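Student: I would like to learn how to read the features of a structural model one at a time. Could we begin with the model itself in view?

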Amino acid sequence: GAAGTSHSVRLSNQVVNIVGFLKNAFLGLIVSIYLLAGRKRFLAQGRLILYGVFKEKWARLIEDEIIYADKMFSGFLMGNSLIIGVICFIGTYMMGIKSALLVSVVVGVTNIIPFFGPYIGAVPSTLWLLLENPLHAFYFLIFVIVLQQIDGNIIGPKILGNSTGLSSFWVLFSILFFGGLWGFV
């Protein structure tokens, strides 16, 4: 009796968690679409708030810094994603995976999303490869995990350090230190 009830409670909790995750993912997608659709209006509104709160001299200075930061980090994200996509293609092609280009594009594109992006790209790619060849899917999963460790600890800090003018050591230090202090936040 009690073991069956405990099992059904755990199963119910898992179903609720999955439904909650799917709901949040769907809401995130909808909010993203609204944000992208209204990006020009939001930019104009942000500019109005900036010039409304600060004196014109300071508002112009803040706006220039935001534009500079946007150029630096968008270049980093696009360059880093392209590098990861190319490395993924080379690795998967050398493993003899038929869909090397497809899975590499998925991994490269989702690598733009900070922190979770590489894993978001690995899941559908692994499922796709599971349908083609389960052994390739296993090798791919190990390869992507290793690739993401290399990206997060070597490639990413090096590129971010070069684009921001900071030393790669300080970029890696800040990622590890503040990641340890505050986790994902």
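Student: In which helix do Phe89 and Tyr93 both lie, and how many residues apart are they?

Tutor: The model is predicted, and the values below should be read with that in mind. Phe89 and Tyr93 both belong to helix α3, where they are 4 residues apart, about one turn of the helix.

Student: What kind of aromatic pair do Phe89 and Tyr93 form?

Tutor: Two quantities matter, the distance between ring centres and the angle between ring planes; planes under 30 degrees apart count as stacked. Phe89 and Tyr93 are stacked, with 5.7 Å centre to centre and 25° between the planes. By this rule the count comes to 2 aromatic pairs.

Student: Why is the pair of Phe138 and Tyr139 tilted?

Tutor: The planes of the Phe138 and Tyr139 rings stand at 50°, with the centres 6.2 Å apart, so the pair is tilted. Phe138 is partly exposed, at a relative accessible area of 48%. Tyr139 is also partly exposed, at 40% relative accessibility.

Student: Which residues make up the largest nonpolar core?

Tutor: A core is read from buried nonpolar residues whose side chains join one another. The largest one has 12 residues: Ile84, Cys88, Ile97, Val103, Val107, Ala122, Leu129, Ala137, Phe140, Val144, Leu147 and Ile155. Four helices each supply at least two residues of this core: α3 (56–94), α4 (100–110), α5 (117–132) and α6 (134–164). The largest share, 5 residues, comes from α6.

Student: Which residues does Val107 touch, not counting those up to four places away in sequence?

Tutor: With that exclusion, Val107 touches Ile84, Cys88, Gly121, Ser125, Phe140 and Gln148. Ile84, Cys88 and Phe140 are, like Val107, members of the core.

Student: How many salt bridges does a search of the whole structure find?

Tutor: Side chains of opposite charge can pair when their charged atoms come close. The search finds 2 salt bridges. In one, the side chains of Arg47 and Glu63 meet at 2.6 Å, N to O. Arg47 lies in helix α2 (residues 39–53) and Glu63 in helix α3, so this bridge ties together parts that are 16 residues apart in sequence. Arg47 is partly exposed, at 36% relative accessibility, whereas Glu63 is buried, with a relative accessible area of 14%.

Student: Where do Glu56 and Arg60 both lie?

Tutor: Glu56 and Arg60 both lie in helix α3, 4 residues apart, about one turn of the helix. Their side chains meet in a salt bridge at 2.9 Å, N to O. Glu56 is exposed, with a relative accessible area of 51%, and Arg60 is partly exposed, at 40%.

Student: How many helices and strands are there in the chain?

Tutor: The chain has 7 helices and 0 strands. Of its 185 residues, 23% are buried. Among contacts between residues at least 6 apart in sequence, 52% join residues at least 24 apart. The accessible surface comes to about 13,300 Å², and 75% of this belongs to carbon and sulfur atoms.

Methods. Residues are numbered from 1 along each chain as its sequence is written. This is a predicted model: local features need pLDDT of at least 70, side-chain atom pairs count only at pLDDT 80 or more; totals for chains, interfaces and linings use all residues. Side-chain values use heavy atoms; hydrogens and water are left out. Buried means under 20% relative accessible area, exposed over 50%, partly exposed in between (1.4 Å probe, protein chains only). Contact means heavy atoms within 4.5 Å. Accessible areas come from the Shrake-Rupley method with a 1.4 Å probe; for residues, only the protein chains shown count as cover. A nonpolar core is a set of buried Ala, Val, Leu, Ile, Met, Phe, Trp, Tyr and Cys residues joined through side-chain atoms within 4.5 Å. Rings of Phe, Tyr and Trp (its six-membered ring) pair if their centres lie within 6.5 Å; planes under 30 degrees apart count as stacked, over 60 as edge-to-face and the rest as tilted. A salt bridge is a side-chain nitrogen of Lys or Arg within 4 Å of a carboxyl oxygen of Asp or Glu.
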